[in-house]
Amino acid sequence: MSRVKVLDKEFELSIPETDILKAVDEVAERINSDLDGKNPLMVCVLNGSFMFASDLMKRITIPCEISFVKLSSYQGTGSTGKVKELIGLNENIEGRTIVLLEDIVDTGLTICSTIDQVKALGPADVRVATMLFKPDACKKEVTLDYVGLNIPNDFIVGYGLDYDGYGRNLKNIYTVVE
Ligand code: IMP
């Protein structure tokens with residue numbers, strides 16, 4: 001399928017599943033080597049990262065745990081602009097090595113707010129693994145420890161990412177056709 005329609009928009013194939021999985025392999029390899037002996041807690045930020053988290057976890061060979069969190073739809077206004085509250089992290093993470101699993105870092109606002117909220121809970125180390133990164137869209141200074149693929153600043157769907165709730169089930173990544 002080189003073109004798909006999601007709701008009212010046309011999308012064309014931009015990253016096939018084979019390339020996605022190769023990138024996931026590389027991220028997993030680095031985590032396996034960097035965090036051996038650290039007993040990391042992977043924190044999957046729903047909804048978009050469920051597919052990345054699933055493929056990545058199958059490739060992690062060191063002892064680790066996974067937990068699933070969400071950002072509330074409520075948006076309060078903090079010093080950094082709009083912030084969403086992280087919900088669902090019920091474990092005591094004091095002293096733990098945390099790896100945040102994200103689908104995509106676009107402006108960087110979401111990941112920065114997530115990192116701050118997790119750091120406030122007293123972990124030893126917070127790392128970020130994101131499947132996708134749009135360097136040209138990013139407005140924040142943020143360290144992304146593990147990046148699957150850098151992509152252009154275009155709207156995409158598939159591999160967990162949605163357009164208005166649809167398209168998350170696509171195994172390839174597709175870019176909107178303007
Ligand atoms: P940020 O706060 O601008 O970095 O945006 C992060 C969130 O926006 C991601 O977790 C996605 O849910 C969503 N997002 C950003 N870019 C795209 C895209 O191209 N397609 C679908 N969702 C996107």
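Helices (H or I, at least four residues) and strands (E, at least two) are DSSP runs, numbered from the N terminus. The model examined here is predicted, so local features need pLDDT of at least 70 and side-chain atom pairs count only at pLDDT 80 or more, while totals for chains, interfaces and linings use all residues. Residues are numbered from 1 along each chain as its sequence is written, and side-chain values use heavy atoms, with hydrogens and water left out.

**Exercise 1. Find the helix that holds Thr-114, decide whether Thr-114 is buried or exposed, and list its contacts beyond its neighbours within four places in sequence.**

Step 1: Thr-114 lies in helix α3.
Step 2: The relative accessible area of Thr-114 is 0%, so this residue is buried (buried means under 20% relative accessible area, exposed over 50%, partly exposed in between, with a 1.4 Å probe and protein chains only).
Step 3: With neighbours within four places in sequence set aside, Thr-114 touches Val-45, Leu-71, Leu-86 and Leu-100, where contact means heavy atoms within 4.5 Å.

**Exercise 2. Describe the cover of strand β6 and work out which strands pair with it.**

Step 1: Strand β3 (residues 41–45) runs parallel to β6 and is joined to it by 4 bridges; two strands pair if DSSP finds at least two bridges between them.
Step 2: Within this pairing, Met-42 has Val-99 of β6 as its bridge partner.
Step 3: β6 also pairs in the parallel sense with strand β7 (residues 125–133), over 8 bridges, and here Val-99 stands opposite Arg-127 in β7.
Step 4: From β6 the chain passes through helix α3 (residues 109–119) to β7, in a β-α-β crossover that is right-handed, a term used if, with the strands pointing away from the viewer, the path from the first strand over the helix to the second runs clockwise.

**Exercise 3. Give the order of the open sheet of 4 strands and say which strands stand at its edges.**

Step 1: The open sheet has the order β1-β2-β10-β9, with antiparallel pairing.
Step 2: β1 and β9 (156–157) are the edge strands, each with a single partner strand, so one side of each is left without a neighbour in the sheet.
Step 3: The antiparallel strands β1 and β2 are joined by 4 bridges, and in β2 the bridge partner of Val-4 is Phe-11.

**Exercise 4. Locate the residues other than glycine with positive phi at Leu-7 and Asn-39, and the cis peptide bond that ends at Asn-47.**

Step 1: Most residues other than glycine have a negative phi, and most peptide bonds are trans.
Step 2: Leu-7 has a positive phi, near 50 degrees; it belongs to the loop between β1 (3–6) and β2 (9–15), and Leu-7 is partly exposed, with a relative accessible area of 41%.
Step 3: Asn-39 has a positive phi near 45 degrees; its place is the loop between α1 and β3, and Asn-39 is partly exposed, with a relative accessible area of 38%.
Step 4: The peptide bond from Leu-46 to Asn-47 is cis, with omega near 5 degrees, and Asn-47 sits in the loop between β3 and α2.
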